[in-house]
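Dear colleague,

Please find the structure handed over below.

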Amino acid sequence: MNVPAIAKRTFEELKSKSEFLSMVQNIINELQQLSSPITRAKFIHNLIEELNRDVFSNPLVEQLSPCKMGCSACCHTQVSVTQDEAALMALLVREGIGIDLDLLELQAIAKNDSDEFYKIPYSKRACVFLDENGACRIYKNRPSVCRTNAVIGEIDQCDTSSEIKPTRLIKTPKSDLVIYASFMDAEDSGTLPYMLSKVISAE
Ligand code: SF4
């Protein structure tokens, strides 16, 4: 199970509190009532949107966060997705969102190995869903991890073109627990290119 590091860390920090442990268990129980991968992915995405709303609309966060459309630094990094999210993205591709399959395969070779991924030249690390204006073409259906990837501070902290620097992510503990639950319940998970490539190849 490739649980994103931040979600895992948040769970470790909060698991001694019964309300948070119950929250994770309740989400897993709800997921297990849903059989369609698409419905499961959307259920998780909606839950995260709801929980993020208060955090991201805080005036201080709005003032201090440089994240905005057109900045695509985090779309050049490794993003983890669940099997359900990969199925949702594959559906969007089937429905007509064109992607560069050669680029997807190039990135998928790194599988879940971040060292291998960051050996790929910066321009070739761009997510296959990123457009030429630096916007996400599947924004409404973007993966959970993309929904919590927002920072406070200077914009250049996220630039991985020459080195990977520590970033000051905005804390989204409840959303992290939703992500944790979804990855714990997932049939499979891994990096976006690797998982999407696997689903597309199996079709
Ligand atoms: S899915 Fe969208 S938001 Fe997420 S990495 Fe790709 S382009 Fe960026």
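This is a predicted model: local features need pLDDT of at least 70, side-chain atom pairs count only at pLDDT 80 or more; totals for chains, interfaces and linings use all residues.

Residues are numbered from 1 along each chain as its sequence is written, and side-chain values use heavy atoms, with hydrogens and water left out.

Around the ligand stand Cys75, Cys127, Phe129, Leu130, Cys136, Ile138, Pro143 and Cys146 (a residue is near if one of its heavy atoms lies within 4 Å).

Helix α1 spans residues 5-14, and its buried residues are Ala7, Thr10, Phe11 and Leu14 (helices are DSSP runs of H or I, at least four residues, numbered from the N terminus; buried means under 20% relative accessible area, exposed over 50%, partly exposed in between, with a 1.4 Å probe and protein chains only). These residues lie on the same side of α1, because they cover an arc of only 100° around the axis (taken from the directions from the helix axis to the C-beta atoms). Ala5 and Arg9 are exposed on the face turned away from that buried side.

Asp84 belongs to helix α5 (residues 83-94). Asp84 counts as buried because its relative accessibility is 12%.

Lys111 sits in the loop between α6 (101-108) and α7 (114-117). Its relative accessible area is 46%, so Lys111 is partly exposed. The phi of Lys111 is near 50°, a positive value in a residue other than glycine. Most residues other than glycine have a negative phi.

Yours sincerely

How values were computed. Helices (H or I, at least four residues) and strands (E, at least two) are DSSP runs, numbered from the N terminus.
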